[in-house]
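Here are my comments on the model you asked me to look over. Please read them with the sequence and the coordinates open beside you.

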Amino acid sequence: MAQANTTSSVYVAGEPRSLLGVAITGLAVGLIGWLLTMAIQSWIIEPVFCRSTQSFDVCSSGGTISWAIALIIVSIIGLLSLVRSGVFRPLLVVLAVLIALWGASMWLGPLVWWQAMLWQGFLFAAAYSLFAWVARIQSFLLSLIVTIVLVILARLVVINS
């Protein structure tokens, strides 16, 4: 006798290895994002904006600016990876992660570069996994509401830390 499928109809069906692929994509986005941040700061921000006193504002915010640029670039690549692997609502996942973790560089900046890179990789892997799981809720409205609530909670944690 065949056993009945006991999965809930609340979620869109997906393969268990798909979540592992999402976590690996998030890890790659975090790790490569931190390396790209360091490269942008060292090769673009500092040589161009830190040579004169007129561009001191850009130079003093160089870490934040380079982090934002790097994360936008690698998030686009992460989006393409999620689309290629068939993740449900990949744009919702990527936007939620970007908004939720925006400003996390303030936590990571004081750390040694490799520790910051590992922490950022872990944060992005966890966030990609969480938001990909929430995005699988069949009702788009419910998925969007849960995503917004989680993003607000994450922003509160980032801002108040």
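1. Basis of the comments. This is a predicted model, in which local features need pLDDT of at least 70 and side-chain atom pairs count only at pLDDT 80 or more, while totals for chains, interfaces and linings use all residues. Residues are numbered from 1 along each chain as its sequence is written, and side-chain values use heavy atoms, with hydrogens and water left out.

2. Overall fold. The secondary structure comes to 7 helices and 0 strands, where helices (H or I, at least four residues) and strands (E, at least two) are DSSP runs numbered from the N terminus. Along the sequence the pattern reads α-α-α-α-α-α-α, and the C-alpha trace spans about 75 × 25 × 25 Å along its principal axes.

3. Of the 161 residues in the protein, 36% are buried; buried means under 20% relative accessible area, exposed over 50%, and partly exposed in between, with a 1.4 Å probe and protein chains only. Among the contacts with a separation of 6 or more, 77% are between residues 24 or more positions apart, a contact being heavy atoms within 4.5 Å.

4. Helix α4 by itself. Helix α4 covers residues 90-101, and its 12 residues should span 16 Å at 1.5 Å a residue, which agrees with the 17 Å between its end C-alpha atoms; the expected span is 1.5 Å times one less than the number of residues. Because 9 of the 12 residues of α4 are buried, this helix is largely enclosed by the rest of the structure. The buried residues are P90, L92, V93, V94, A96, V97, L98, A100 and L101, and what covers them includes α3, α6 and α7 (140-159). After α4 comes G103, whose phi is positive, near 95°.

5. α4 against α6. The axes of α4 and α6 come within 9 Å and cross at roughly 135°; axes are lines fitted to C-alpha atoms, for helices over the stretch in contact, and angles run from 0 to 180 degrees between N-to-C directions. The two helices, α4 and α6, are therefore oblique to each other, given that angles under 35 degrees count as roughly parallel, over 145 as roughly antiparallel, 65 to 115 as roughly perpendicular and the rest as oblique. The crossing of α4 and α6 is right-handed; a crossing is left-handed if the near helix is turned anticlockwise from the far one by less than a right angle, and right-handed if clockwise. On the α4 side the contact is made by L92, V93, V94, A96, V97, A100 and L101, and on the α6 side by L123, F124, A127, Y128, F131, A132 and A135. By class, the contact of α4 with α6 has 14 nonpolar, no polar and no charged residues, where Ala, Val, Leu, Ile, Met, Phe, Trp, Tyr, Cys and Pro count as nonpolar, Asp, Glu, Lys and Arg as charged, and the others, Gly among them, as polar.

6. α4 against α7. Here the axes are 8 Å apart and the helices α4 and α7 pack at an angle of about 20°, which makes α4 roughly parallel to α7. The crossing of α4 and α7 is right-handed. L92, A96, I99, A100 and L101 of α4 meet S143, L144, T147, V151, A154, R155 and V158 of α7, and the residues of this contact divide into 9 nonpolar, 2 polar and 1 charged.

7. α3 against α6. Helix α3 (residues 62-84) and helix α6 (residues 113-135) have axes that come within 14 Å and cross at roughly 45°, so α3 and α6 are oblique to each other. Their crossing is right-handed. From α3 the contact takes W67, L71, S75, G78 and L82, and from α6 it takes Q120, F124 and Y128; by class there are 5 nonpolar, 3 polar and no charged residues.

8. R89. This residue lies in the loop between α3 and α4, and I would check its backbone in the model: phi of R89 is near 55°, a positive value in a residue other than glycine. Is R89 buried or exposed? R89 is buried, with a relative accessible area of 16%. Leaving aside neighbours within four places in sequence, R89 is in contact with A135, I137, Q138, S139, F140 and S143.

9. M38. This residue is found in helix α1 (residues 16-49) and is partly exposed, with a relative accessible area of 29%. M38 and W113 are 75 residues apart in sequence and 8.5 Å apart in space, C-alpha to C-alpha.
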